[in-house]
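I opened a notebook on this structure to keep track of what I looked up. The entries follow the order in which I went through it.

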Amino acid sequence: MRARFLLAKLLWTVFVLFGSSLLIFGLMHLVPGDPARAMLGPLGTPDAVAALREKLGLNDSVLKQYTTWITHAVRGDLGESILLNQSVSSLLAQRLPITLALSFYALIFALFVALPASVISATRKNSLLDYGARLTALIGVAMPSFWLGLMLILLFAVKLGVLPVFGYVSLREDPVDHLRHMVLPAITLGAAYSALIYEMNRSSLIEVLQQDYIRTAHASGIPSRLVLFKYAFRNALVPTITVIGIQIGYLMSGALLVEAVFAIPGMGRLLVNGVLSRDYPVVQGAMLVTVLIFVFANLAVDMLYTVIDPRIGRKR
Amino acid sequence: MMSNLSPLQQINSGATREMGQLLEVRGLRTEIPTRRGVVRAVDGVDLVLHEGEVVGLVGESGCGKTLTAYSILDLLPKPGVVAAGEIHFRGEDLRRKSTEERRAIRGNDIGMIFQEPLSALNPVFTVETQIGDVLRTHTNLDSTAIKERVVELLGHVGISAPERVARSYPFELSGGMRQRVLIAMAIACRPALLIADEPTTALDATIQAQIMVLLQTLVEEDGVSILLITHDLALVAELCDRVYVMYAGTVVEMAPVEDLYVRPRHPYTSALFQCIPGFQPSDRPLAAIEGSVPMLIDIPPGCRFADRCPYVADRCRTETPPLVDVGAGHRAACHFADSLDLPGPASEQLEQDHASAPVY
Ligand SMILES: Nc1ncnc2c1ncn2[C@@H]1O[C@H](COP(=O)(O)OP(=O)(O)O)[C@@H](O)[C@H]1O
Ligand code: SF4
Ligand SMILES: [Mg+2]
């Protein structure tokens, strides 16, 4: 039963990936005019344009272009950057780990704040503490992340001088400095995410705490802590995980902005620069990888479901 | 056993006097503050249960049975509180105990089973984990011993494949099976008292009968005392020694079950009997009691059943009838308890139709 459930999810994933690849590929052809001309800009000579068209295979049929692109992509060959004179895959190999690290720290921060806060709120529903937490969460969702980033830079980096203003140091170079550089970006990226996770887990925990099986646990004399953290929390986590999964997409797009604010050379920066300079192979490659990560994160969430809730994917 | 007797035990009269008192509730008042006022869901309930005894707590839905049980166990949902009264268990006043002490009693000395076996088990943990946690909470058994005990308990409540059921999740089990699992959980630590709140209401008839047989077995073989909460007087006949009839937060009648069946003394009890299919005289259609339980906010003086009582008199609307002795171990709260000749299912005019005490 569960194998079939996971297989269905896997097929769906393949389908989504296929659709996304069509979209990403189509994007290049939706831009009005000649992509080669657009890439080279007003300074491109007709000869250069013709050469680029040849190099990008733009003279082939659209179907051929797509199949060429996708078969190469599957083998890890995403073409060459037009501007940077480097293969797209080697560019991604440099930039992706940075973005992944940033997203990972943001996720850790978000969970670290949201889950305990949601427990406090749910068990003290409508108390001052609960109201305070909810208000903070509301602000967290509403506040634009670049603004939050700037405020954090002003406070911690400029005023207090305890953290670096921007830039990036790799983990291998200097782990401590790496973390110091990641603190503010991770908080900036994770704040809104955290607020969403908090809200979801709070309401689902409140709902779960009213269920009959919680009453059974209390009636059996199970200590309140165990009831809360084992019996209630696991059930509450099911809808929360959905939010965590869906919002991973948000995290990836949010990283774009945060990397710009903190001058982090991640994939977001690569993508933004790629778009600005019309480096289409880079844009396509970066988007494809983003979709890939998003889709597999969701697949992982689906698998996590089946671990947390035995009912999912099984016959009732 | 004798040393556990409550000092209040002497007050209690009746045939069961020589047995040890296990539970004794005096003047219990349970209140729930709401926007429209304070709901007095339980208002001055006295209740005694002896060791080895099965006592029924009967009444329509909403009359305060469940909240009485929750008050005893310290399980009242917020913002409900016990506002007054004493709850003696084995001679000790539970209301004087700490929250922690009362938690340790639940599941260990007093077990409880609920109406909805479907939702009363945690959906994401196996039966083994859930019963195991009760054992882990109250005993020092190691994990192998716990596993064995869980299987043993499941066998004890009549589950034929206990090993398999132990590893199952609740959604993999039928309703009757889940109720058995809940019973196994409730008796895991061999409690002296089992509170069963409508244990069969959500089950179909065959399964109902099986669960009742199981409860009977627990009483006879394990010596468990049971407080059986139900709206169904037919169930009470099968299992109970004595019955308390509740109406609108108060006890209106208390009697040994045979006495109640031969001659109920309160019009409400009689009306409840009329609601049981097969119990009412054959020339009358199946009755439902007219009207509904009054709101339990700012209750006026007088008999709470007055608006629905066929025998109501002027006096009933001004004077609250006290719960008084009307026979050996038989009490009723009606001004006319002595004079009214109320039909019960086992009274003589019905004897032809129902030769024996009603069988479930
Ligand atoms: N949370 C609550 N808020 C207000 N009133 C309640 C609440 N829970 C129960 N009550 C009231 O208390 C009364 C007794 O309820 P309950 O003990 O559940 O009845 P029973 O178990 O006999 O059906 C009901 O009339 C109901 O209106
Ligand atoms: S006291 Fe009056 S109203 Fe109440 S039950 Fe008796 S006869 Fe009916
Ligand atoms: Mg009830």
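Before sorting any lining by class, I noted the classes: Ala, Val, Leu, Ile, Met, Phe, Trp, Tyr, Cys and Pro count as nonpolar, Asp, Glu, Lys and Arg count as charged, and the others, Gly among them, count as polar. I also noted that this is a predicted model.

**Entry 1: chain A as a whole.** I looked up the secondary structure of chain A and found 13 helices and zero strands. Read along the sequence, the pattern is α-α-α-α-α-α-α-α-α-α-α-α-α. I then looked up the extent of chain A, and its C-alpha trace spans about 80 × 60 × 35 Å along the principal axes.

**Entry 2: helix α10 of chain A.** Does the length of helix α10(A) agree or disagree with its number of residues? This helix covers residues 224-246, which is 23 residues. At 1.5 Å a residue it should span 33 Å, and its end C-alpha atoms are 32 Å apart, so the two values agree. I also looked for a bend, and α10(A) has one of about 45° at Phe233(A).

**Entry 3: the largest pocket.** I looked up the volume of the largest pocket, which is about 1300 Å³. It is lined by 32 residues, and Leu209(A), His218(A), Leu76(B), Pro77(B) and Lys78(B) are the closest to its centre. Which elements give two or more residues to this lining? From chain A they are α5 (88-123), α8 (175-209), α9 (212-219) and α10, and from chain B they are α1 (65-73), β4 (81-89) and α2 (99-105). By class, I recorded 14 nonpolar, nine polar and nine charged residues in the lining of the largest pocket.

**Entry 4: the second largest pocket.** Here the volume is about 430 Å³. Of its 19 lining residues, I listed Lys55(A), Leu56(A), Gly57(A), Trp69(A) and Gly79(A) as the closest to the centre. In chain A, the helices α1 (2-30), α3 (46-56), α4 (62-74) and α13 (280-308) each give two or more residues to the lining of this pocket. The largest share, four residues, comes from α4(A). Sorted by class, the lining of the second largest pocket has eight nonpolar, seven polar and four charged residues.

**Entry 5: cavities.** I counted five cavities of 30 Å³ or more. The largest cavity holds about 90 Å³ of space. Its lining has 14 residues, and Pro267(B), Cys303(B), Cys309(B), Cys316(B) and Cys334(B) lie nearest its centre. I sorted this lining too, into twelve nonpolar, two polar and no charged residues.

**Entry 6: ligand 2.** Where does ligand 2 sit? I found ligand 2 in the largest cavity. The residues around ligand 2 are His266(B), Pro267(B), Cys303(B), Ala306(B), Cys309(B), Tyr311(B), Cys316(B), Pro321(B), Cys334(B), His335(B) and Phe336(B). This shell divides into nine nonpolar, two polar and no charged residues.

**Entry 7: backbone details in chain B.** I looked up the peptide bond from Lys78(B) to Pro79(B), and it is cis, with omega near 0°. Pro79(B) is in the loop between α1 and β4 of chain B. Lys78(B) had already come up among the residues closest to the centre of the largest pocket. I then looked up Arg190(B), which has a positive phi of about 50° although it is not a glycine. Arg190(B) is placed in the loop between α6 (175-186) and β7 (193-197) of chain B.

Notes: Residues are numbered from 1 along each chain as its sequence is written. Chains are lettered from A and ligands numbered from 1 in the order in which they are written. This is a predicted model: local features need pLDDT of at least 70, side-chain atom pairs count only at pLDDT 80 or more; totals for chains, interfaces and linings use all residues. Side-chain values use heavy atoms; hydrogens and water are left out. On a 1 Å grid over the protein atoms alone, a cavity is a set of points where a 1.4 Å probe fits but cannot get out, and a pocket is an open set with protein on both sides within 12 Å along at least five of seven lines; lining residues have an atom within 4 Å of a point. Grid points are joined across faces, edges and corners, and a volume is the space filled by probe spheres set on the points. The expected span of a helix is 1.5 Å times one less than its number of residues. The bend at a residue is the angle between axes fitted to the seven residues ending there and the seven starting there. A residue is near a molecule or strand if one of its heavy atoms lies within 4 Å of it. A molecule sits in a cavity or pocket if more than half of its atoms lie within 2 Å of its grid points.
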